[in-house]
Amino acid sequence: MIVSQRSKSATIWRRIVRTVGRVRAERACFRLGSLVVACLLSTGVPSRVAGQQSPPAAGPLGTASPSTIRAVGEAKRDKPFVNSLGMKFVPVSGTRVLFGIWETRVADFQAFVREAGYAWNSGGKRMPAGDQPVNFVSWQDAAAFCKWLSQKEGLDYRLPSDKEWDVAVGRDRYPWGNEFPPPPAAENLSGQESGLQHFIKGWRDNHRGIAPVGSYPANKSGLHDMGGNLQEWCDDWYDNGVYREHLAANKGGDRFGEDREKAIKSGNVFRVVRGGAWTSCIGPQASSGHRDAMKPGESNQFTGFRCVLVDPTRR
Ligand SMILES: [Ca+2]
């Protein structure tokens, strides 16, 4: 009888021990789980759970450092963002991008060709100085440069849209104001210095051909050469809407030929090109509203490009 009672007590005691052990084990698991969650929080994985503000997007690859992103967001006209190639960018009010203050230089493009091993058909000409804007670049060449630069820096570089370029050039009839020809030394066009067949009579500037970037004054947005030196590729296809803008800016004048108008109507044939060039000799060619049309594979001596940088703090 005594043995039986001892046996029952032992059984009850074992059950108690097992129950307590399970509770302890469950508590231990809970503590371990809490520890794992705490570790994850400390590494920033579930930052929203921690109630922390998400960091700003850092470009397509997200590899730009926080200090670089901050420098882009804080850039001003008198304190441009300077990238790894020395290209300078300033914000343009009314857009979400920073514009390159210069057209892309020969040195910038040569760095791309060298580092990326890019096959560039430069037209077989003698390579000019590195601080001149690069010409003989197709739309594809310009877009490839922007893509390479984006991957290199972890930021989002691209060609400007037609609307962005339109905001950046300003509301005056020309980038320098409303008169044509421009004031002396306002822009690099085809004056009497050019030696070209067509030139602005009684007017001259300081460069027979292409000028180094920044040789002429900036416009109100802080951008150089928006009316001359090289005309510039934009990202957009040239459609009927763009053509209407072009005609309206020129009060119905400067119509393209019938074949070109037909191609524009069919769509996806030409890309938009903006601004004047060192060969421009009449007002419409250098006016703020002028929109030339070129096939994306074309390149020539009077067309280059300017990059914009999407502000990663304003997405
Ligand atoms: Ca000139």
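Asp-225 is situated in the loop between helix 5 and strand 5, where helices (H or I, at least four residues) and strands (E, at least two) are DSSP runs numbered from the N terminus. This aspartate adopts a positive phi of about 65° although it is not a glycine. Asp-225 counts as buried, with 31 C-beta neighbours inside 10 Å. A residue is termed buried if 20 or more other C-beta atoms lie within 10 Å of its own, exposed if 12 or fewer, and partly exposed in between, the C-beta atoms being placed from the backbone.

The model is a predicted one, in which local features need pLDDT of at least 70 and side-chain atom pairs count only at pLDDT 80 or more, while totals for chains, interfaces and linings use all residues. Residues are numbered from 1 along each chain as its sequence is written.

Ala-185 is exposed, with 12 other C-beta atoms within 10 Å. Pro-181 belongs to the loop between helix 5 (162–169) and strand 5 as well. A cis peptide bond, with omega about 0°, links Phe-180 to Pro-181.

The protein chain as a whole comprises eight helices and nine strands. Of its 315 residues, 38% are buried. Among contacts between residues at least 6 apart in sequence, 71% join residues at least 24 apart; two residues are in contact if their C-beta atoms, placed from the backbone, lie within 7 Å.

Strand 6 and strand 7 are antiparallel and share four bridges, with Arg-274 opposite Arg-291 in strand 7. Strand 5 is joined to strand 6 by three bridges, again in the antiparallel sense, and here Trp-233 stands opposite Val-273 in strand 6. On the pairing with strand 8, strand 5 (residues 231–237) runs parallel and is joined by three bridges; Gln-231 faces Thr-303 in strand 8. In a regular strand the side chains alternate between the two faces of the sheet. Within strand 6 (residues 271–274), Arg-271 and Val-273 point one way, Val-272 and Arg-274 the other way, and all are buried.

In helix 3 (residues 106–116), the residues Val-106, Asp-108, Phe-109 and Phe-112 are buried. They lie on the same side of helix 3 because they cover an arc of only 165° around the axis, the arc being that of the directions from the helix axis to the C-beta atoms. The face turned away from the buried side of helix 3 carries the exposed residues Arg-114 and Glu-115. Helix 4 (139–153) is included in what covers the buried residues of helix 3. Just after helix 3, Gly-117 takes a positive phi of about 65°.

Cys-146 is located in helix 4 and is buried, with 20 other C-beta atoms within 10 Å. Leaving aside neighbours within four places in sequence, Cys-146 is in contact with Tyr-157, Arg-158, Leu-159 and Cys-307. The C-alpha atoms of Cys-146 and Tyr-157, eleven residues apart along the chain, are separated by 5.3 Å.

The interior remains to be described. A nonpolar core is a set of buried Ala, Val, Leu, Ile, Met, Phe, Trp, Tyr and Cys residues joined through C-beta atoms within 7 Å. The largest such core has 46 residues, and those with the most contacts inside it are Leu-98, Phe-99, Ala-142 and Leu-309. Helix 4 supplies the largest share of this core, five residues. Apart from this core lies another, of 13 residues, among them Ile-210, Ala-211, Ala-286 and Phe-302. Not counting residues up to four places away in sequence, Phe-99 touches residues including Phe-89, Val-90, Pro-160, Leu-223 and Val-308.

Conventions: Pairing = 2+ DSSP bridges.
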